[in-house]
Amino acid sequence: MTAPDSDRPVLITGGAGFIGANLADRLAAEGHRVIVYDSLARPGVEDNLFWLTRRHPEAVQPVIAALADRPMLRDCVNASKAVFHLAAQVAVTTSLDDPRQDFEVNLLGTVDLLELLRAHADDVPLVFASTNKVYGDLADVDLELTKEGYRPVDSSLASAGVDERRPLDFHTPYGCSKGAADQYVLDYARSFALPAAVLRMSCIYGPLQRGTEDQGWVAHFALRALAGDPIMLYGDGHQVRDILEVSDAVAAYIAAWQRIDRISGRAFNLGGGPDNAVSLRRLIAHIEALVGHPVPVREAEWRAGDQRYFVADALAARTALGLPAPTGWRQGVANLVHWLAAARETLREEAA
């Protein structure tokens, strides 16, 4: 006999990752049981899992497995009342090195999950983590270089950002795999009435982020600055992104689940919007002020598929999901630097 929905756990694939762990923490704090499904392939995520199980020993159930472990994934899907699909290969550079592995994780893994949900006796809702990379490099957008970074010449685009009407344009194997998975999720909602929605994320940052040069650049910049190490900029550093604090992203995921009956089959851009748009160089200057010393900067060639400008118009998401205004980027980055500094100090104490 299937347990009532209220007694069943929520499944988070990639649940030990940065966003997944923050989402698991929020759900467990709100009284939900959570299956944290993760292969622990990304360095550092085992620390997130340890943190979660220590904070919520009764609520968090770790499952160490890959998406390719179909029997294990089936068991977890069948036990769950909702699925947040965050597991992915997340680096453009890695996708260029190994396109097949990127395809298998991001696209085949998503289709396998969709098939398990389609075969489920109940309508288990799915919220999928997509990316702004589905819109390509936006090379057709005319830009001007200002003191605050690149800005669209079109004033309406500059004031609002990129909305969901923007044509999809997949670049790099990562963009193809995530973009195709994005479209499969939307089509399963359309073709099979699967309750599912897509969140196309801009740059998310915050506590538990263990950024590297390839992914999680806000935390990566902060970590380099705290260590006194140089930061490598690919391109001129004037590229602009809208950054979103992870607690605001988590609120959007939970709201999407709660309102899945009204939003199923839709994709939403999820980012900080124009008020949280910042160039890489402006962010470094802010971090320098927070850490109290200059940070050396080096430059390298632009990377494949890099957008000189991307700012999400998140009005549709805020309206449909009932979201408040996001955390301001200056305060959010200050909070992240404080968390990273405290984490570094804890590691030093443990080593001593």
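Modeller: Begin with Ser-177. Leaving out residues up to four places away in sequence, Ser-177 touches Asp-102, Phe-103, Asn-106 and Leu-107. A contact here means heavy atoms within 4.5 Å. The model is predicted, so local features need pLDDT of at least 70 and side-chain atom pairs count only at pLDDT 80 or more, while totals for chains, interfaces and linings use all residues. Residues are numbered from 1 along each chain as its sequence is written, and side-chain values use heavy atoms, with hydrogens and water left out.

One of those neighbours does more than touch. The side chain of Ser-177 makes a polar contact with the side chain of Asp-102, at 2.7 Å. (A polar contact is an N or O pair within 3.5 Å, one able to donate a hydrogen and the other to accept it; residues adjacent in sequence count only if both atoms are side-chain atoms.) Ser-177 is at 4% relative accessibility, so it counts as buried. (Buried is under 20% relative accessible area, exposed over 50%, partly exposed in between, with a 1.4 Å probe on protein chains only.)

Ser-177 belongs to helix 7. (Helices, H or I of at least four residues, and strands, E of at least two, are DSSP runs numbered from the N terminus.) Helix 7 covers residues 172-192 and lies across strand 5 (126-131), strand 8 and strand 12. Helix 7 runs at about 150° to strand 5. (Axes are lines fitted to C-alpha atoms, for helices over the stretch in contact; angles run from 0 to 180 degrees between N-to-C directions.) Helix 9 (residues 246-258) also packs on the sheet, touching strand 1 (10-13), strand 4 (82-85), strand 5, strand 8 and strand 12. The direction of helix 9 makes about 140° with that of strand 5.

Helix 9 has a helical partner too. Helix 1 (residues 18-29) packs against helix 9 at about 65°, with axes 9 Å apart. On the helix 1 side, the contact is made by Phe-18, Ile-19, Asn-22, Leu-23, Arg-26 and Leu-27. Helix 9 contributes Val-246, Ser-247, Val-250, Ala-251, Tyr-253, Ile-254 and Trp-257.

Seven strands form an open sheet in the order 3-2-1-4-5-8-12, with parallel pairing. (Two strands pair if DSSP finds at least two bridges between them.) Strand 3 (60-64) and strand 12 (267-270) are the edges; each has a single partner strand, so one side of each lacks a neighbour in the sheet. On average, neighbouring strands are turned by 20° against each other, direction ignored.

Four bridges join strand 1 to strand 4, and three join strand 4 to strand 5. His-85 of strand 4 is the bridge partner of Thr-13. His-85 also stands opposite Phe-128 in strand 5. Ala-82 and Phe-84 point one way from strand 4, Val-83 and His-85 the other way, and all are buried.

Gly-149 sits in strand 7 (residues 149-152). At 0% relative accessibility, Gly-149 counts as buried. Its C-alpha atom is separated by 4.5 Å from that of His-238, which is 89 residues apart along the chain. Beyond neighbours within four places in sequence, Gly-149 is in contact with Glu-144, His-238, Val-240 and Ser-279.
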